[in-house]
Amino acid sequence: MHSLDALFSGITTAVTETLPNPGSPVNPLSNYFFNVASSIVLILLAGFIIDKILEPRLRRQDVPTEEIADDEAQIPGALPSTTLPSTALSSTLTSVERRGVIRAVVAGAVVAAVILTGVLLPDSPWRNEDGGYLPKSPLLSSIVFIVFIMFTVPGLVYGKITGTIASGKDVPRVMGSSIKDMSGFLVLAFILGQFIALFNWSGIGNWLAVAGASGLESIGLTGYPAIIGFILLASLLNLFIISGSAMWTLMASVFVPMFALLGFEPAFIQGAFRVGDSATQILTPLNPYMIVLLTMLRKYEPQAGLGTVIARMLPFTVLFWLAWVGVLTVFFVFGLPMGPGNGIYIDG
């Protein structure tokens, strides 16, 4: 499960609260089956692209395979590498670190066993009123808490063994340091929350949704072709709005209600958005990670620019887009669930 699944599901849920028939509840696992299938396909496809397309092209272009130890490999305006502090990182674990990793894994396994036991109990409080887990249950509502515990307990054990967490007072210090790194996201989340509230209050989203659904119905574009058009729009907007959460906030307020009126589950529309949003992420110059890729590339090709990076990423974008849409099409044609309790169409 990706961290964006929790973020996007929160945005989708906030939008569906205003719908008369919101379909199945959306949670961080609502696209889990689709994400797993997509990951397998894209991993295999990435290996094919690298082995059959990218590497042969680099060999034909005589691109160096060794780093060029030259100041020219730096990004213009950056400090020479000799002036930058270097911290040597070793890939070999010390005996203490190895013991910490082993005990952290054991602690994680114990926590997982405890949670699994609690879930499988016949009268488990994590079951719903019918004794199951779908489409809604305390278990699915507790996914964020479960993930938090699964990471926190092994982390605390590792920190205690290695000495990075000597006492309880070190825990808030470490957490405070992490919060500083998240401060930008917290500000963004606050702004996005206000936008959703104001957008829903204005009624503009409902009006656009009804108008859009009526327009699509009038031209007969109410099935899967409308989904393809939505993915294309997301891919295009992604070249200019690089924040997936910001773009989903803007698009979900209109398209989730619109497609809900056409009978599509919000979780399915969220999955379709992920396809359009992710496929072109590696192609836009506005992506802040592009400068990271360029910095690494210039270690081998000092004269490389953003155009070089984009040219190298283009085969991934095109083939990923086609393959990802293909996976979504399979889910649509065969009516496969996008995640636990989330299908393609809204029941009733």
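Are Arg 312 and Glu 301 buried or exposed? In this predicted model, both Arg 312 and Glu 301 are buried, where buried stands for a relative accessible area under 20%, exposed for one over 50%, and partly exposed for values in between (1.4 Å probe, protein chains only). Residues are numbered from 1 along each chain as its sequence is written, and side-chain values rest on heavy atoms, with hydrogens and water left out. Because the model is predicted, local features need pLDDT of at least 70 and side-chain atom pairs count only at pLDDT 80 or more, whereas totals for chains, interfaces and linings use all residues.

The protein contains 12 helices and zero strands, these elements being DSSP runs numbered from the N terminus (helices, H or I, of at least four residues; strands, E, of at least two). Read from the N terminus on, the order of elements is α-α-α-α-α-α-α-α-α-α-α-α. Of the 348 residues of the protein, 37% count as buried, and the accessible surface comes to about 19,500 Å², of which 69% belongs to carbon and sulfur atoms; areas of this kind come from the Shrake-Rupley method with a 1.4 Å probe, and for residues only the protein chains shown count as cover. Among contacts (heavy atoms within 4.5 Å) between residues at least 6 apart in sequence, 73% join residues at least 24 apart.

The interior was examined through its nonpolar cores, each being a set of buried Ala, Val, Leu, Ile, Met, Phe, Trp, Tyr and Cys residues joined through side-chain atoms within 4.5 Å. The largest nonpolar core holds 54 residues, of which Ile 227, Trp 248, Phe 259 and Phe 268 touch the most other members. At least two residues of this core are supplied by each of H1, H2, helix H8 (224–237), helix H9 (244–261), helix H10 (266–279), helix H11 (289–297) and H12, and H12 gives the most, with 12 residues. Apart from this core lies another, of six residues, among them Val 111, Ile 115, Val 119 and Leu 139. Leaving aside neighbours within four places in sequence, Phe 268 is in contact with Tyr 224, Ile 227, Leu 328, Phe 332, Met 338, Gly 343 and Ile 344.

Helix H10 is largely enclosed by the rest of the structure, because 13 of its 14 residues are buried. At 1.5 Å a residue, the 14 residues of H10 should span 20 Å, which agrees with the 20 Å that separates its end C-alpha atoms; the expected span is 1.5 Å times one less than the number of residues in the helix.

Side chains of opposite charge can pair when their charged atoms come close. With a salt bridge taken as a side-chain nitrogen of Lys or Arg within 4 Å of a carboxyl oxygen of Asp or Glu, the count comes to four salt bridges. One of them joins Arg 274 to Asp 5, with the closest N and O atoms 2.8 Å apart; since Arg 274 lies in helix H10 and Asp 5 in helix H1, the pair ties together parts that are 269 residues apart in sequence. Both Arg 274 and Asp 5 are buried. Arg 312 forms a salt bridge with Glu 301, the closest N and O atoms being 3.0 Å apart, and this pair links distant parts of the chain, with Arg 312 in helix H12 and Glu 301 in the loop between H11 and H12, 11 residues apart. A further salt bridge is formed by Asp 51 and Lys 52, with the closest N and O atoms 3.7 Å apart. Asp 51 counts as partly exposed, at 41% relative accessibility, while Lys 52, at 54%, counts as exposed.

Leu 319 is placed in helix H12 and is partly exposed, with a relative accessible area of 27%; leaving aside neighbours within four places in sequence, Leu 319 is in contact with Leu 45, Ile 49 and Ile 53. Gly 326 lies in helix H12 (residues 306–334), is partly exposed at 31%, and has its C-alpha atom 9.5 Å from that of Ser 38, a residue 288 places away along the chain. Asn 27, found in the loop between helix H1 (3–16) and helix H2 (32–60), is buried, with a relative accessible area of 9%. Not counting residues up to four places away in sequence, Asn 27 touches Ser 9, Leu 140 and Asn 342.
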